[in-house]
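Here is a short briefing to read alongside the model.

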Amino acid sequence: MVRFENVGMRYGLGPEILRDISFTLDQGSFHLLTGPSGAGKTSLLKLIYLAERPCRGAISMFGREIATTPRDELPGLRRRIGVVFQEFRLLDHLTVFENVSLPRRVMGEMESQYRAEVEELLSWVGLGNRLNAKPATLSGGEKQRVAIARAVVAKPELLLADEPTGNVDPEIGGRIMRLFTELNKLGTCVMIATHDMRIMERVPASRIYRLAEGRLTVAKAHDFMAQAKRA
Ligand SMILES: Nc1ncnc2c1ncn2[C@@H]1O[C@H](COP(=O)(O)OP(=O)(O)OP(=O)(O)O)[C@@H](O)[C@H]1O
Ligand SMILES: [Mg+2]
């Protein structure tokens, strides 16, 4: 589904913040991405979402070599990816319901086809009574939950989530992880960037990646847990 080979990335003329990154994400797998603040987790997710370009190496997504894919075909690839951005990126002029519905509208569905599902999803994340609110009137944690509902509503082939439990309490955090786990069981490949050790105990992670000093290393989930317990 996703393949990186010796990828490097820099912002502008700055230093390479990601170096020699190689990994694959297979269909139906579940991955965590850890590493200290500033290590490049968000930057790596941006590369996968095709929002940034690498300065070297090769990226292929859904079987397409990105370097040789025409720019006007990238939005079509992006639509197959659900993303929870670290800073949410909700549309301020739309209501909660409309923000979450957007991916389904873009797919050409009528409101009658998605209304019940969007309402159910928003109830699940504890926002069943805020359907008509505008993002500006929501707390950080509420905005985060809207962003999560929007990322999963179209059952994407790939889900990328950047610190998705950063602003919510443990109860809601648990519900969000259940949502991701259910989606993963339906075949979605999931990659979550997080510092939250509690997440790691809750998800069926096939693999935990760690970014440090621009490089990516892999820990098998159970080895990592054993290490975390010993520490
Ligand atoms: N738009 C940008 N322009 C220039 N440098 C950037 C930009 N975004 C991030 N960086 C730099 O790239 C490095 C990696 O940042 P990134 O946001 O990917 O880290 P992160 O692992 O997501 O951190 P955090 O855990 O705090 O979210 C940092 O040194 C940061 O200063
Ligand atoms: Mg980040």
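In this predicted model, a polar side-chain atom of Ser-43 sits 2.6 Å from an oxygen atom of ligand 1. Taken alone, ligand 1 exposes 640 Å², and the protein buries 60% of that; accessible areas come from the Shrake-Rupley method with a 1.4 Å probe, and for residues only the protein chains shown count as cover. Because this is a predicted model, local features need pLDDT of at least 70 and side-chain atom pairs count only at pLDDT 80 or more, while totals for chains, interfaces and linings use all residues. Residues are numbered from 1 along each chain as its sequence is written, chains are lettered from A and ligands numbered from 1 in the order in which they are written, and side-chain values use heavy atoms, with hydrogens and water left out.

**Around ligand 1**

- The residues around ligand 1 (those with a heavy atom within 4 Å of it) are Tyr-11, Ile-17, Pro-36, Ser-37, Gly-38, Ala-39, Gly-40, Lys-41, Thr-42, Ser-43, Gln-86 and His-195.
- Helix H1 gives the most to this shell, with three residues; helices (H or I, at least four residues) and strands (E, at least two) are DSSP runs, numbered from the N terminus.
- An N or O atom in the side chain of Ser-37 is 2.6 Å from an oxygen atom of ligand 1.
- For Ala-39, a backbone N or O atom lies 3.3 Å from an oxygen atom of ligand 1.
- Ser-43 belongs to helix H1 and counts as buried, at 7% relative accessibility; buried means under 20% relative accessible area, exposed over 50%, and partly exposed in between (1.4 Å probe, protein chains only).
- Leaving out residues up to four places away in sequence, Ser-43 touches Met-9, Tyr-11, Ile-17 and Leu-18, where contact means heavy atoms within 4.5 Å.
- Gly-38, in the loop between strand S3 (30-34) and H1, is exposed, with a relative accessible area of 77%.

**The magnesium ion**

- Which residues coordinate the magnesium ion (ligand 2)? They are Thr-42, through OG1, and Gln-86, through OE1, at 2.0 to 2.3 Å.
- Thr-42 lies in helix H1 (residues 41-48) and Gln-86 in the loop between strand S6 (81-84) and helix H3 (96-106), so the pair ties together parts that are 44 residues apart in sequence.
- Donors are N, O and S atoms within 2.8 Å of the metal (3.2 Å for Na, K and Ca); water is not among the atoms, so sites may look incomplete.

- The buried residues of H5 include Gly-141, Glu-142, Arg-145, Ile-148 and Val-152.
- These buried residues pack against S6, H3, helix H4 (111-124), strand S7 (158-162) and helix H6 (170-185).
- At 1.5 Å a residue, the 13 residues of H5 (residues 140-152) should span 18 Å, and its end C-alpha atoms are 19 Å apart, which agrees; the expected span is 1.5 Å times one less than the number of residues.
- In H3, Val-96, Phe-97, Asn-99, Val-100, Ser-101 and Arg-104 are buried, and what covers them includes H4 and H5.
- Just after H3, Gly-108 takes a positive phi of about 90 degrees.

**Loops worth a look**

- Lys-155, in the loop between H5 and S7, has a positive phi of about 45 degrees although it is not a glycine.
- Lys-155 is partly exposed, with a relative accessible area of 45%.
- Glu-213 is another residue other than glycine with a positive phi, near 50 degrees.
- Glu-213 lies in the loop between strand S9 (207-212) and strand S10 (215-220) and is exposed, with a relative accessible area of 71%.

How values were computed:
A polar contact is a pair of N or O atoms within 3.5 Å; within protein, one must be able to donate a hydrogen and the other to accept it, and residues adjacent in sequence count only if both atoms are side-chain atoms.
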